[in-house]
Amino acid sequence: MTFWEKINEMNMDEYKPGILSRAEFGEGLTMACMNIDSEMTDPGHTHPFDQCGIVLQGMIEMVVEDDKKILQEMDTYFIPSDIFHGWRTFDSPVLLLDVSSTPR
């Protein structure tokens with residue numbers, strides 16, 4: 001698909017419990033919009049591709065290796081491949097637009 005409807009009006013599917021998502025996959029790029037429930041945690045993981053994104057709504061704490069930062073609306077992040085990272089949400093949901101260079 002070339003275009004999405006307005007992000008705050010789009011239909012999303014359950015990606016994992018507490019996370020709704022819509023994604024588009026290209027040859028080497030993935031774009032995903034994710035709505036993450038409040039009080040959720042990803043204790044950390046790595047993957048073999050770069051990842052970046054922007055917080056569209058809400059507030060999320062992100063940990064990238066030894067760096068920890070609370071991101072709010074319009075804050076961005078970049079996570080190089082094979083770098084340990086994780087996150088947690090607070091008392092309200094978070095809406096992210098996330099892009100990754102998915103290896104094929």
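**Exercise 1.** In which strand is Arg 22 found? Determine also whether Arg 22 is buried or exposed.

*Solution.* The structure is a predicted model, in which local features need pLDDT of at least 70, side-chain atom pairs count only at pLDDT 80 or more, and totals for chains, interfaces and linings use all residues. Residues are numbered from 1 along each chain as its sequence is written, and side-chain values use heavy atoms, with hydrogens and water left out.

Step 1. Arg 22 belongs to strand S2, residues 19–25; a strand is a DSSP run of E with at least two residues, numbered from the N terminus.

Step 2. Buried means under 20% relative accessible area, exposed over 50%, and partly exposed in between (1.4 Å probe, protein chains only). Arg 22 counts as buried because its relative accessibility is 16%.

**Exercise 2.** Which residues of the largest nonpolar core touch the most other members?

*Solution.* Step 1. A nonpolar core is a set of buried Ala, Val, Leu, Ile, Met, Phe, Trp, Tyr and Cys residues joined through side-chain atoms within 4.5 Å.

Step 2. The largest such core has 15 residues, of which Ile 36, Ile 60, Trp 87 and Leu 96 touch the most other members.

Step 3. Two or more residues each come from S3, strand S6 (60–64), strand S8 (76–79) and S10. S3 contributes the most, three residues.

Step 4. A second, separate core of seven residues includes Met 10, Met 12, Cys 33 and Leu 95.

Terms used:
Helix = DSSP H or I, 4+ residues; strand = E, 2+ residues; numbered from the N terminus.
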